[in-house]
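Let us take a friendly walk through this structure, one part at a time. Please have the sequence and the 3D view open as you read.

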Number of protein chains: 2
Amino acid sequence: MVRRPRAAGEFELIAAFTGALPLTGPGVLLGPGDDAALLRPPRGQELVATVDAVVEGVHFDHRFTPGDIGWKALAVNLSDLAAMGARPLWALVALAVPPATPAARLRGIAAGLGACARRHRLAVVGGNVTRAARLSLTVTVIGAVGRGLALRRDRASPGELVLVSGTLGDAALGLRPDAPAALTRRQRRPTPRLALGLGLRRIASGAIDLSDGLVQDLGHLCRASGVGATLRAADLPRSRASRALAAALGDPWGAALTGGEDYELCVTVAPSRLAAARRAAGRAGVTLTLVGELTGPGGVRVIGPGGEPLVVGRGHDHLAPRR
Amino acid sequence: MVRRPRAAGEFELIAAFTGALPLTGPGVLLGPGDDAALLRPPRGQELVATVDAVVEGVHFDHRFTPGDIGWKALAVNLSDLAAMGARPLWALVALAVPPATPAARLRGIAAGLGACARRHRLAVVGGNVTRAARLSLTVTVIGAVGRGLALRRDRASPGELVLVSGTLGDAALGLRPDAPAALTRRQRRPTPRLALGLGLRRIASGAIDLSDGLVQDLGHLCRASGVGATLRAADLPRSRASRALAAALGDPWGAALTGGEDYELCVTVAPSRLAAARRAAGRAGVTLTLVGELTGPGGVRVIGPGGEPLVVGRGHDHLAPRR
């Protein structure tokens, strides 16, 4: 039999994409190329698995470079692992590609994704490519954590402290056309707080990553733990650039309270463990700021700078149009 | 703070979707609802992981019921695990939903996916929902296989036999408007051959699942193993319905050789292991048909019923339009 030559298609796109990715690493017995990846889990540890997608027009737009898209697709997943106190091991990447996508664009996306994977030492062990009307990347990440050490949402207690890493509101303000580069970079190249999550095992009582805004995400943790929370707006950590832009907009706290996509960690800590948490953050090279306390059940309350209650809009909903 | 009521959105859709799914099972320490799932891998086994997407207009259309879509999204992934000789443990489901999708449609999709998950005893431990122009489901499946027992593509040798399970060509012919129900069902509700894959560990030298058509998929196995293959068209197992429709179309072998999406297994077996392979297939309740032999390198050749070489078109490319 003589097989006719094939037009450029699935396999060429896969080759363009996988060329820039780290395809092997610890525990990878067989990476892409068979029906499935073959992996050896670390002995005596638990696995942590999550999936998240970034979609053109929802999570990125024409202002993102291909490298930004690839970086963000992986980073948002690694942020979930950070919030569990897990270290990443392996990723699987499902790519949906509009028919006319040039191979160079895929190589750029893969370069950004590969840079994020190398930074955090994980291997891309499998994937899939389909055509679609809009570009999207759906990334599954698998990591590991010692038995019983995972940071969960359902173990926090009234009286514990609420802390957040880094600064809040940068990514949401980074969507604005007038945003300075410091903020657009936070939107396009989020930093998953993996070292902090690892450092807070045995110290924090709970953790959640901030993808949908502090009030909404802390609300998830509160419901899972059966507690409430009080936040002090004046204590929210904000970058110099975000403070200036928020002040100019006449909405000093909105972005920090409800802006999504900062991918910082919100953690809960017993008062006796506050110093240990701060030391862990120092070792991870990240600031950790006390922003409130957990209370009995009753939702998330926000106190303004003069002690008055603030009414806060709903957080980020990834299904709602927002550009 | 008083939070304003939210419009129906991401969380309502998640609730509609997860209601019909089995969310826990062996090794599931923490299912959906935290930042990531927490899982205990089986001791002393290797993990098998794969991701695959089904996209509206590519892998399903308006003729599929919501239940068909959900079933197929999981089944195509389980087929990859079957081809590794693995048993499924956990799935993660990323759903992309057009804005106006009714919750009832999502419940129907979840019911089909849940039925397939229960049939094969796996838990859906995580997921994600985003909006998108077209409906798609990207499913990641994680399974387990004993150390060193995985069925791979790169271990086959010249002189070994090529066998296929079930019947070939049904799913491709099942796309036709004039297809009988027996064929449309094969297209919409494929059966992953998990019991067969498990039974062929220690017996088969290699395996691949048939998603893109026998000639193309066997070609992947041949390249990975550095061998070639000869297939005998007259020996291809075909259902009565597919034989009748193919004959009426004047193309007796096309669908069986290059039609995609049958999700049968193609396995390679040393001649001395043929009887053992047939016994394993009998225990799994699946037919296993001898269709050819592996040769030295040289691609996949097909011999017609009179001994003449057949020229075969290229196989299925999921990026090419096909409806």
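In chain A, strand E7 (residues 161-165) pairs with strand E10 (residues 265-269) in the antiparallel sense, over four bridges. Strands here are DSSP runs of at least two residues and helices are H or I runs of at least four, numbered from the N terminus, and two strands pair if DSSP finds at least two bridges between them. Please keep in mind that this is a predicted model, in which local features need pLDDT of at least 70, side-chain atom pairs count only at pLDDT 80 or more, and totals for chains, interfaces and linings use all residues. Residues are numbered from 1 along each chain as its sequence is written, while chains are lettered from A and ligands numbered from 1 in the order in which they are written.

The table gives one bridge for each pairing, and one between the chains.

| Strand pair | Bridges | One bridge pair |
|---|---|---|
| E7(A) and E10(A) | four bridges | Leu161(A) and Val269(A) |
| E3(A) and E2(B) | three bridges | Leu47(A) and Leu39(B) |

Is E10(A) enclosed or open? Five of its five residues are buried, so E10(A) is largely enclosed by the rest of the structure. Buried means that 20 or more other C-beta atoms, placed from the backbone, lie within 10 Å of the residue's own; exposed means 12 or fewer, and partly exposed is in between. Leu265(A), Val267(A) and Val269(A) cover one side of the strand, with Cys266(A) and Thr268(A) on the other.

Now to the two chains together. In all, 69 residues of chain A are in contact with 68 residues of chain B, contact being C-beta atoms, placed from the backbone, within 7 Å. Strand E3 (residues 45-55) gives the most to chain A's side, with nine residues. E3(A) pairs antiparallel with strand E2 (residues 37-39) of chain B.

Helix H2 (residues 66-84) of chain A is mostly covered, with 18 of its 19 residues buried. At 1.5 Å a residue (times one less than the number of residues), H2(A) should span 27 Å, and its end C-alpha atoms are 29 Å apart, which agrees. Just after H2(A), Gly85(A) takes a positive phi of about 75°.

Note on methods:
Two residues are in contact if their C-beta atoms, placed from the backbone, lie within 7 Å.
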